[in-house]
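Hello,

Here is the structure you asked about. Please open it alongside this email; my notes follow below.

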Amino acid sequence: MKTTIARTLLIAAVAALAVHSIRAQSAPDRVKVLRAAAEALGMVRWSDIGAGTTRLPGIDVVNTMEFQGSGTVESAGRAVKTQYHVALGYNPPAMRVEMTRTGPDGGAAQHIIHTASENYAWDESEIGAGLVPGKGTATPAMAALHERLLELWTLPYGVIKAALAAGEKTTVSIEGGAPVMTFPLSGPLAGITVKATLDSNNLVTKVETRPDNPARVNLATQTEYSSYADRGEVLTDIKSPGHIIRRQGGRTLLDMEVKAWESNNPYLVFPVPPNVKAAATANSR
Amino acid sequence: MDLPSSRIIAAAATLCLLSAAVLAQEGAQARRTTNAPPKPSGATPRTADGHPDLTGVWNALGDNLNGIPNQIANNGLAIESDTTTRDLHSGQLIATFPRNTTRPQNNEQAERAAALLRRVGSNKPVYKPEYWDTVKNFDHNSNEEDPSNNCMPAGIPRAGIPSYIGQTPTYLIFIYPGQGGLIATQTMYRMIPTDGRKHTPLQELDGTYTGEGIGHWEGDTLVVDTWGFTPNTWFDQIGGYTHGENMHVVERFRREGNTLTWTATVEDPDFLLEPWTTTPRVALLNPRPNALLPESLPCSERDLSHLVTKEHH
């Protein structure tokens, strides 16, 4: 009798293990790797506060962010000291980069604001220029749209979001012992392939972009991220990089130490000025 | 039976039990992975004059500001399954991950998650640029700055759907119970005339927390038009959404069976670039016909002086 019980339980145990094993094997590595990368950044959250009977799934909680740093930006072949202030959002995709550059000879500071939102790009003479009569000038800069959106989508969070959005077009491999995700971008950035490398903590450390059209050489970039931590004054458990280096070919476009990174979905909006919309419409005719 | 056999049997039994537990938990999760608002059931009662009767206690989903599923839906995310979430304002799909743990979060994890979730939706009012930093800083420092954290009334439209509505042919009564805890607000009530009267000219009104609200019916929808506000409120539950004394709010209430759907449109040409409309919220009628509102506890703010970080709701 005891032998029969033992055998039955053993068979049941083997069957249970087999079920788990089949499940594990059928789960594509892509899904596991992407989830691990999203969780490593702190992007996946759920909340059951206030309703103990609810078990909602995890959701990507990253939308708007703001960070500040200092370092150098390449300008006319020179590395120029730059204070960097970035506001960004993914719903809708938008980014405002405010740079205050100081020349190597200590010349007058140059203040530049580059903005992109969905299908529009423009330069602002001041934050929010062109939205209220008499408040600054918004200058259309549609030629820069792809470069600006590429900066947004090659940030660690953009990489994970775009890889998830690419679905089965995203492939995962191991290179040099590190997981590597390769996927195509879509929308205005269709025709660009991204290759992102994760470290042993599943954090995005290296992002390379390759345009299908070799003539779009300005969209071939290599970006490195390191020194991840929660850098917000309002703590969120979202990790952000402390050091960013962006290269193009042998040139270093950006080398920045991050001072603060607010990831608590701060109030950031990117309305498109009417004259920018009008110019884009006129150009599309 | 020798000792190794016992161990094998014990291990096998444990594995079987674990497998059963895992499958049971997976099954339980699969039943509770959406935040869809309740579907209406039952007929919509009508008053003698033919309008939908909004009378009732509208708190069957709970009034907790942290409430799930209400709160996430309020902020514009529709969780359609354990793999699909959609932003109701932009239509954008939000990456969704099936729950892979049954371990509860600790308070810190849960609060941080809830703070992010409340702000992740895309339906944000668009302020004039000169207010962008103000709004951002109000939200960033909301523990100190939020006017309703110090036992002041939440105001309109922040209060949302009243927990009790009483309806007569010429006016409605709205009651909004106060809340304790860190978000400590006072009880509010409103009398909303529907007798055809016009607004008092704005410049003749002293600004108040609930303003001067006047109702009328557009078909089966009750429209409450309100102005005459104090600027000392924020107009949504999160976000630091400040406003001026010229704010104008239009609320729409529509009863279908045992549900009440509410939206509010905020106009403030001094502060906003364009009018802003809330994501629709849905309340469920308390099913007990003899339901009463519980007494609101006296509001007493005791947490602020003990806060050591800027983490907030």
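**Helix contact in chain A**

In α2(A), the residues L34(A), A37(A), A38(A) and L41(A) make contact with P156(A), Y157(A), I160(A), A163(A) and L164(A) of α4(A). By class, that contact has 9 nonpolar residues, with no polar and no charged ones. Please keep in mind that the model is predicted.

Now the geometry. Helix α2 of chain A covers residues 29-41, and helix α4 of chain A covers residues 156-165. Their axes come within 10 Å and cross at roughly 150°. Angles over 145 degrees count as roughly antiparallel. α2(A) and α4(A) are therefore roughly antiparallel to each other. The crossing of the two helices is left-handed.

**A buried arginine in chain B**

R119(B) sits in helix α3 of chain B, which spans residues 107-119. Is R119(B) buried or exposed? R119(B) has a relative accessible area of 3%. Buried means under 20%, so R119(B) is buried. Its side chain has a partner: a polar contact of 2.8 Å links R119(B) to the side chain of D139(B).

**Chain B overall**

Chain B holds 5 helices and 13 strands. It has 313 residues, and 48% of them are buried. Take the contacts in chain B between residues at least 6 apart in sequence: 60% of these join residues at least 24 apart.

Best wishes

Technical notes
Residues numbered from 1 in each chain as written. Chains lettered and ligands numbered in written order. Predicted model: local features only at pLDDT ≥ 70, side-chain atom pairs only at ≥ 80, totals over all residues. Heavy atoms only, no water. Helix = DSSP H or I, 4+ residues; strand = E, 2+ residues; numbered from the N terminus. Buried < 20%, exposed > 50% of the residue type's maximum accessible area, 1.4 Å probe, protein only. Polar contact = N/O pair within 3.5 Å; in protein donor to acceptor, adjacent residues only side chain to side chain. Axes fitted to C-alpha atoms, helices over the stretch in contact; angles between N-to-C directions. Parallel < 35°, antiparallel > 145°, perpendicular 65-115°, else oblique. Left-handed = near helix turned anticlockwise from the far one by under 90°. Contact = heavy atoms within 4.5 Å. Nonpolar A, V, L, I, M, F, W, Y, C, P; charged D, E, K, R; others polar.
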